[in-house]
Amino acid sequence: AIEKETVKRLCAMGGRVISTGGGVPLSHENCDFLRQNGRVYYIRRPTELLERDGRPLSSGNLEEMLRMRDSYYRNVSDVVVENDKEPEEAAKKIAEDYYENFCD
């Protein structure tokens, strides 16, 4: 409930970059809030490159969890960004897409 209220409040402000946790797009209501805010990017990173120490992802089968969630992430996103190199490369792809679509 706290997470939904926070997503709703932040998205209502508009013009924000919102980096969500992996569970946020599992709620249709959260997806609606995210779409109201603007362009939604799914930053997809291979599991072997993810930092796991001290995170909920460190327990259980991460590959299975991501396989189950992938369709949720794709459904809410406008753009899927493959983040299989340095983070700066993914940031560059996002910036290029944003400027191409909103800064003509």
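Predicted model: local features only at pLDDT ≥ 70, side-chain atom pairs only at ≥ 80, totals over all residues.
**Starting at K85**

- The side chain of K85 meets that of D84 in a salt bridge, with 3.5 Å from N to O.
- D84 has a relative accessibility of 38%, so D84 counts as partly exposed.

**Other salt bridges**

- How many salt bridges does a search of the whole structure find? The search finds eight.
- R44 and E82 form a salt bridge through their side chains, at 3.4 Å from N to O. R44 sits in strand β1 (residues 41-44) and E82 in strand β2 (residues 79-82), so this pair ties together parts that are 38 residues apart in sequence.
- In helix α2, D32 and R35 are three residues apart, so about one helical turn separates them. Their side chains meet in a salt bridge, again given as N to O, at 3.5 Å.
- D32 is partly exposed at 44% relative accessibility, and R35 is partly exposed with a relative accessible area of 42%.

**The largest nonpolar core**

- Which residues make up the largest nonpolar core? There are eight in all: V7, C11, V24, C31, F33, L34, V40 and V76.
- Helices α1 (2-13) and α2 are the elements that give two or more residues to this core. The most comes from α2, with three residues.
- Setting aside its neighbours within four places in sequence, L34 is in contact with V7, C11, T20, V24, V40 and V76.

- N30 is found in helix α2, which covers residues 28-37. Is N30 buried or exposed? N30 counts as buried, because its relative accessibility is 1% and buried means under 20%.
- Apart from neighbours within four places in sequence, N30 is in contact with E3, K4, V7 and V24.
- Y73 lies in helix α3, residues 62-76. With 10% relative accessibility, Y73 counts as buried.
- Leaving out neighbours within four places in sequence, the contacts of Y73 are G22, P25, Y42 and L66.
- How far apart in space are Y73 and V40, C-alpha to C-alpha? The distance is 9.6 Å, while in sequence the two are 33 residues apart.

- Y98, Y99 and F102 make a nonpolar surface patch of about 360 Å².
- F102 has its place in helix α4, residues 87-102.
- At 48% relative accessibility, F102 counts as partly exposed, because the exposed class needs over 50%.

Conventions. Residues numbered from 1 in each chain as written. Heavy atoms only, no water. Helix = DSSP H or I, 4+ residues; strand = E, 2+ residues; numbered from the N terminus. Buried < 20%, exposed > 50% of the residue type's maximum accessible area, 1.4 Å probe, protein only. Contact = heavy atoms within 4.5 Å. Core = buried A, V, L, I, M, F, W, Y, C linked by side-chain atoms within 4.5 Å. Patch = residues over 30% accessible without salt bridge, like charges linked within 9 Å, V, L, I, M, F, W, Y side chains within 5 Å. Areas by Shrake-Rupley, 256 points an atom, 1.4 Å probe, with all protein chains shown as cover. Salt bridge = Lys/Arg side-chain N within 4 Å of Asp/Glu carboxyl O.
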